[in-house]
Amino acid sequence: SATPRDAPSERDAMDASAGIGSISPTSRFVRDAVAARVEATRAKDVETLATPLGATCVEFDDVRYAVTSVADERGGRVRVDVSVGAPGGAFEERRAMEDAATLICLSDGTIAANEKANAGYDATFRVDVTAIASLEDEERREEILQRVSRVRNAVYGAKLRGHLRELAATGGTEGALDWSPRRRGETMFIKPQNDQVTVIFPMHFADARDAVIATQFLTQFAEVRRGQKELSTAPAVSYHKSPPLELKDAPEEMIGDANGGYVSFVLFKRHATPDRLEATVWNIMTFHAFVSYHIKYSKAYWHSRMRQKVESWLSILKRAKKVDPSGNGKKMTTADGRTFVRK
């Protein structure tokens, strides 16, 4: 049945194999929803396949997914539509669908882009479940599931991916400031330059307390690269309290209230090589979510430590309470000096 469900928490989206705070580029929701249909097809579970599928999910940065079953139009084949949507401005159709054609779609038609997206979404891809289920190679089935579950990076990373491909091809040339809205109040700015591409994030936080924590976190984040040799090939990072020069031509309404400051990443040709391109795009795209996760994680840790400390103090106070050694109750004294024991 068509039952909307909440998104996995941001912690669920973190890839444990990559360390705390690393966000997996694959959507577990999409992967599991399609995989369940594949397994039902392989098991010939008629009852499950006869039940219409309509699962929805909202992920961090307000990205929406939907996995829906498709009416059988071609002789018993099982198909599902995987749709993805984001706040207005994040989707650039031409670039996005060109990238999806190479990163998501398969030439055999197992995964194909629909000419028109389902209502309320930016892009829709049709997955031939029957074709996947017919594959005997389990690794190949999993490879296809992983491919379709990376739909978000393929679609919404198109603008940054285009600039990085240009950097890799030409070595970088000076260009106009570009930007990509991520969600309400959050924009990623891209400035092509000679030999590099600079990406700037104005960091806005609805909670002023989060902005204070972010200021400390981002200051250290920008400094950590300098003292570690193993990070020497990582993008250069700088943190500013005021807008950097690259944003001098940016529309003021796009910058908004950056109460958490500004973070700049300088990407070089080595970050845009074919084997590193997708990881670079994903890690830059999800930077704001990465910071938000660490702020929430830190607050949860501090609250836990405070609760433990309060419990420790209460335990000490309880042990310090005076107790009558006779065990007969507390001895009371009246105004005229007489004593009695309250029972």
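Colleague: Which residues make the nonpolar surface patch of about 530 Å²?

Modeller: This is a predicted model, in which local features need pLDDT of at least 70 and side-chain atom pairs count only at pLDDT 80 or more, while totals for chains, interfaces and linings use all residues. Residues are numbered from 1 along each chain as its sequence is written, and side-chain values use heavy atoms, with hydrogens and water left out. Areas come from the Shrake-Rupley method with a 1.4 Å probe, only the protein chains shown counting as cover for residues, and the patch is made by Val310, Trp313, Leu314, Ile316 and Leu317.

Colleague: Where is isoleucine 316 placed?

Modeller: Helices (H or I, at least four residues) and strands (E, at least two) are DSSP runs, numbered from the N terminus. The run that holds isoleucine 316 covers residues 287–319 and is helix H12.

Colleague: Why does isoleucine 316 count as partly exposed?

Modeller: Buried means under 20% relative accessible area and exposed over 50%, with partly exposed in between (1.4 Å probe, protein chains only). Isoleucine 316 counts as partly exposed because its relative accessibility is 43%.

Colleague: Is threonine 124 buried or exposed?

Modeller: Threonine 124 lies in strand S5, residues 123–128. Its relative accessible area is 1%, so threonine 124 is buried.

Colleague: Which backbone nitrogen does the side chain of threonine 124 reach?

Modeller: Contact means heavy atoms within 4.5 Å, and beyond its neighbours within four places in sequence, threonine 124 is in contact with residues including Asp81, Val82 and Ser83. At 2.8 Å, its side chain reaches the backbone nitrogen of asparagine 118.

Colleague: What is the bridge partner of valine 67 in S3?

Modeller: Two strands pair if DSSP finds at least two bridges between them. Strand S2 (residues 63–69) pairs with S1 (residues 54–59) in the antiparallel sense over 6 bridges, and 6 bridges also join S2 to the antiparallel S3 (residues 79–85). In S3, the partner of valine 67 is valine 82.

Colleague: Which residue in the turn of the S1 and S2 hairpin has a positive phi?

Modeller: Glutamate 59 stands opposite valine 63 in S2. The hairpin has 3 residues between its strands, and the turn residue with a positive phi, about 65°, is aspartate 61.

Note on methods. A polar contact is a pair of N or O atoms within 3.5 Å; within protein, one must be able to donate a hydrogen and the other to accept it, and residues adjacent in sequence count only if both atoms are side-chain atoms. Patches are made of residues with over 30% relative accessible area and no salt bridge: like charges are joined within 9 Å, nonpolar side chains (Val, Leu, Ile, Met, Phe, Trp, Tyr) within 5 Å. A salt bridge is a side-chain nitrogen of Lys or Arg within 4 Å of a carboxyl oxygen of Asp or Glu.
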